[in-house]
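Let's walk through this model together, starting with its contacts and ending at its ligand. Keep the structure open beside you as you read.

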Amino acid sequence: MLQRLSMTAAILGAALALAQTAAGADAQRGRGDFQSTCAGCHNSAAEVAGRAGGNSASNKARRLDAFLFGHYAPNDRARADIIAYLLSL
Ligand code: HEC
């Protein structure tokens, strides 16, 4: 019983963390992350944002999220911030 309770708590905690990542995305912080992590290879953030594809903001965010996970932004918080920044351009 206790085990099941703590498992439920763990799952709830993970879901909450995910929701917070998306809701707490910060384009300003993402700008800094882009500068330090991406700008060495991509000198134009606007050009990178344009190349991401997707025909709506949410579609674009999903594509970027999947791509960037394996492309220099494995950290969930940093990736969400960078995506918020790219979508703001
Ligand atoms: C070590 C160099 C390097 C770094 C660092 C880097 N990229 Fe890239 N990126 C590339 C190369 C090379 C390509 C593919 C060739 C091209 O289209 O220029 C690419 C492609 C992309 C694409 C296009 C994907 C597509 O489907 O066309 C996006 C978007 C992108 N990078 C975003 C980023 C972001 C955001 C960061 C920072 C988190 C980053 N990149 C860091 C080298 C890099």
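Among contacts in the protein chain with a separation of 6 or more, 66% join residues 24 or more positions apart. Bear in mind as you look that this is a predicted model. The protein chain has five helices and zero strands, so the order of elements from the N terminus reads α-α-α-α-α. As for burial, 16% of the 89 residues of the protein chain count as buried.

Now for a pair of helices. Two packed helices are described by the angle between their axes and the distance between those axes. For H2 and H5 (residues 76–88), the axes come within 7 Å and cross at roughly 100°. Angles of 65 to 115 degrees count as roughly perpendicular, and H2 and H5 are therefore roughly perpendicular to each other. On the H2 side, the contact is made by Ala27, Arg29, Gly30, Arg31, Asp33 and Phe34. H5 contributes Ala78, Asp81, Ile82, Ala84, Tyr85 and Ser88. Sorted by class, this contact of H2 with H5 has six nonpolar, two polar and four charged residues.

Finally, turn to the ligand. Which residues come nearest to the ligand? Of the 14 residues around it, they are Thr37, Cys38, Cys41, Tyr72 and Ala73. Helix H2 (27–38), helix H3 (45–51) and helix H4 (57–69) are the elements that give two or more residues to this shell. By class, the shell residues divide into nine nonpolar, four polar and one charged.

How values were computed: Residues are numbered from 1 along each chain as its sequence is written. This is a predicted model: local features need pLDDT of at least 70, side-chain atom pairs count only at pLDDT 80 or more; totals for chains, interfaces and linings use all residues. A residue is near a molecule or strand if its C-beta atom, placed from the backbone, lies within 6 Å of it. Helices (H or I, at least four residues) and strands (E, at least two) are DSSP runs, numbered from the N terminus. Ala, Val, Leu, Ile, Met, Phe, Trp, Tyr, Cys and Pro count as nonpolar, Asp, Glu, Lys and Arg as charged, and the others, Gly among them, as polar. Axes are lines fitted to C-alpha atoms, for helices over the stretch in contact, and angles run from 0 to 180 degrees between N-to-C directions. Angles under 35 degrees count as roughly parallel, over 145 as roughly antiparallel, 65 to 115 as roughly perpendicular and the rest as oblique. Two residues are in contact if their C-beta atoms, placed from the backbone, lie within 7 Å. A residue is buried if 20 or more other C-beta atoms lie within 10 Å of its own, exposed if 12 or fewer, and partly exposed in between; C-beta atoms are placed from the backbone.
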